Amino acid sequence: MKIKKVFIIVPAPVNDSPVKGAAALANTLSEWVSVTFVTLKSGKDDFDLLNKNVNRVSLTQYSWHEKIKSLHKLLKQAGDKENVATISSSFSADLINSLCNKHAVTCASVRGNLPVSYTHTYGFVGKLIAYVHLKRLKKLNYAVSMTHSMAEQVRQYTGRNSPVVGNFIDEGRIIKYRKNQQSIHPFRLVFTGSFSEIKQPLLLIEAVEKLHNQDVDFILDMFGDGPLLDASKKMAEKLGVANFTVFHGHVDEPYECIAKADVLILPSLSEGVPRSVLEALCLGVPCVLRDVDGNRELIQSGVNGELFNSDSELPSLILKVAKRAHYGSFHKKNLIPDKFRQNSCAKSYLNLISQ
C-alpha cells in the first residue's frame with residue numbers, strides 16, 4: 001500500500017505540546033507525501049508552526065456533526081482508503097478520527113498517562129474521560145504510544161498492541177538557539193511547564209532553597225502559568241530564594257533562556273515524553289526528571305541527565321548535573337536519544353500507516 005495523502009487532525013491551532021508535536025510531524029511528512037493540517041476549533045491567529053508545504057483546513061465554523069461530514073468529504077475527495085491516512089492527537093481529534101475508518105487508514109498518537117493526567121485536570125470525572133478516550137482508541141486502525149509504558153496501558157484498555165513511536169520536536173526550529181557553554185557563575189537552572197500540582201513547581205522551589213542554604217550560587221528561571229503560580233511566588237519569598245528565582249509567566253518560545261541553562265528540572269508526577277525536555281536536550285541542556293512513566297526511555301544517567309525517585313534526592317541531583325554541564329564540554333550538542341529524533345520518528349509513522 002502506498003500512502004499519498006495524510007491528514008493531521010488537532011483540536012485547535014495553539015502552541016501547546018500536542019499541537020506542536022502534530023505540527024512537527026506534519027512538517028516532516030510533507031517532505032515525502034501531501035499533508036493537510038485540520039483544526040476543529042479556533043485558536044491563535046498568529047499560529048506559525050507549519051511550513052509552506054503543509055495545506056491547512058479549518059472546520060471551526062461548523063457544528064460537530066458538520067465537522068464530521070466535512071472531514072469525510074475531504075477524505076473521499078483525497079482518494080481511495082489505500083492512499084489516504086489520518087493521524088490525530090488529543091481527545092476531540094481522536095474521537096472524530098475514530099469515525100473515519102471507511103475513508104482512511106486511521107491512527108492516533110497517545111501522548112501521556114491519560115488516567116493520571118485527566119484526573120489531575122478534571123478531578124474524579126477525569127477518570128471517566130480517560131476511560132472513554134482509551135476505549136475509543138479500539139475503533140482506530142492504530143493507536144501509537146510514545147513509550148513502552150504507555151503502550152502497555154493502551155493494550156490493557158483496548159486489548160490490542162500499541163506500536164511505539166517516540167515523541168519528537170521540530171529540531172530545525174530549535175537548534176538555531178543552541179549556545180556554547182559559558183563557564184561563569186552562577187549556575188543557571190530552568191523549569192518550563194504549568195504551575196499545577198502534577199508538575200510540582202513547589203517541590204522545585206523547596207529543592208533550590210536547600211541549595212541556597214549550601215551557599216550554591218544559582219539563578220532559577222521558571223516559565224509557565226497556572227493555579228500554583230501565586231503560591232510558588234509566595235514560597236520563594238518565604239524560603240528566601242525570591243532574589244534568585246525569576247517567574248517569566250507563559251512564553252511560547254523561551255529557547256534563548258533555556259539554551260543558557262546548565263540543567264532543566266521537571267519533577268512532574270506523571271509525564272508523556274515532555275516536549276520541554278526534548279527542546280532542552282536538543283539545545284544541549286541535560287535534564288533532571290522524576291523516574292515515572294516513560295522518562296527512563298528518554299534520560300540516560302550520566303549522558304543527558306538524571307532521574308530521581310525520592311523527593312529528597314532532587315537538590316543533590318540538580319547540583320550534580322549542573323556541575324557536570326557547567327564545567328563540561330565547551331561545545332553543546334544534541335542530547336536527544338536516536339529513537340526520539342525527528343526524521344526517524346516521522347518515517348516510523350509513515351511506515352506504519354503504509355502497512
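Modeller: The model is a predicted one, in which local features require pLDDT of at least 70 and side-chain atom pairs pLDDT 80 or more, while totals for chains, interfaces and linings take in all residues. Residues are numbered from 1 along each chain as its sequence is written, and side-chain values rest on heavy atoms, without hydrogens or water.

Ser268 sits in the loop that links strand S10 (263–266) to helix H11 (275–282); strands (E, at least two residues) and helices (H or I, at least four) are DSSP runs numbered from the N terminus. Ser268 counts as buried because its relative accessibility is 1%; buried means under 20% relative accessible area, exposed over 50%, and partly exposed in between, for a 1.4 Å probe and protein chains only. Not counting residues up to four places away in sequence, Ser268 touches Ile198, Lys199, Arg290 and Val292, where contact means heavy atoms within 4.5 Å.

Another loop, between strand S7 (187–192) and helix H8 (201–213), holds Gln200. Gln200 has a positive phi, near 60°, although it is not a glycine. Its relative accessibility is 13%, so Gln200 also counts as buried.

The nonpolar cores come next. A nonpolar core is a set of buried Ala, Val, Leu, Ile, Met, Phe, Trp, Tyr and Cys residues joined through side-chain atoms within 4.5 Å. The largest one has 59 residues, of which Leu189, Val277 and Ile318 touch the most other members. Beyond its neighbours within four places in sequence, Ile318 is in contact with Leu189, Leu204, Ala207, Leu211, Val263, Ile265 and Val288. Apart from this core lies another, of 32 residues, including Ile3, Phe37, Ile87 and Tyr142.

Asn113 belongs to the loop between S5 and helix H4 (114–122). The C-alpha atoms of Asn113 and Ser270 are 6.9 Å apart in space, although 157 residues separate them in sequence. With a relative accessible area of 15%, Asn113 is buried. Its contacts, leaving out residues up to four places away in sequence, are Gln153, Ser270 and Asp293. The side chains of Asn113 and Gln153 are joined by a polar contact of 3.0 Å, that is, a pair of N or O atoms within 3.5 Å; within protein, one must be able to donate a hydrogen and the other to accept it, and residues adjacent in sequence count only if both atoms are side-chain atoms.

S5 leads on to the sheet. The open sheet has 6 strands in the order S3-S2-S1-S4-S5-S6, with parallel pairing; two strands pair if DSSP finds at least two bridges between them. Strand S3 (55–58) and strand S6 (142–145) each have a single partner strand, so one side of each is left without a neighbour in the sheet. From one strand to the next, the twist averages 20°. Helix H6 (residues 148–158) packs on the sheet, touching S5 and S6, and its direction makes about 145° with that of S6; axes are lines fitted to C-alpha atoms, for helices over the stretch in contact, and angles between N-to-C directions run from 0 to 180 degrees. Helix H14 (residues 342–353) lies across S1, S4, S5 and S6, at about 145° to S5.

Within this sheet, strand S4 (residues 84–89) has 6 of its 6 residues buried. Val84, Thr86 and Ser88 form one covered face, and Ala85, Ile87 and Ser89 the other. S1 (residues 5–10) runs parallel to S4 and is joined to it by 5 bridges, with Val6 having Ala85 as its bridge partner. S4 also pairs with S5 (residues 105–110) in the parallel sense over 5 bridges, and Ala85 stands opposite Val105 there. The chain crosses from S4 through helix H3 (residues 91–97) to S5 in a right-handed β-α-β crossover; right-handed means that, with the strands pointing away from the viewer, the path from the first strand over the helix to the second runs clockwise. Ser90 is found in the loop between S4 and H3. Its phi is positive, near 95°, in a residue other than glycine, and a relative accessible area of 22% makes Ser90 partly exposed.
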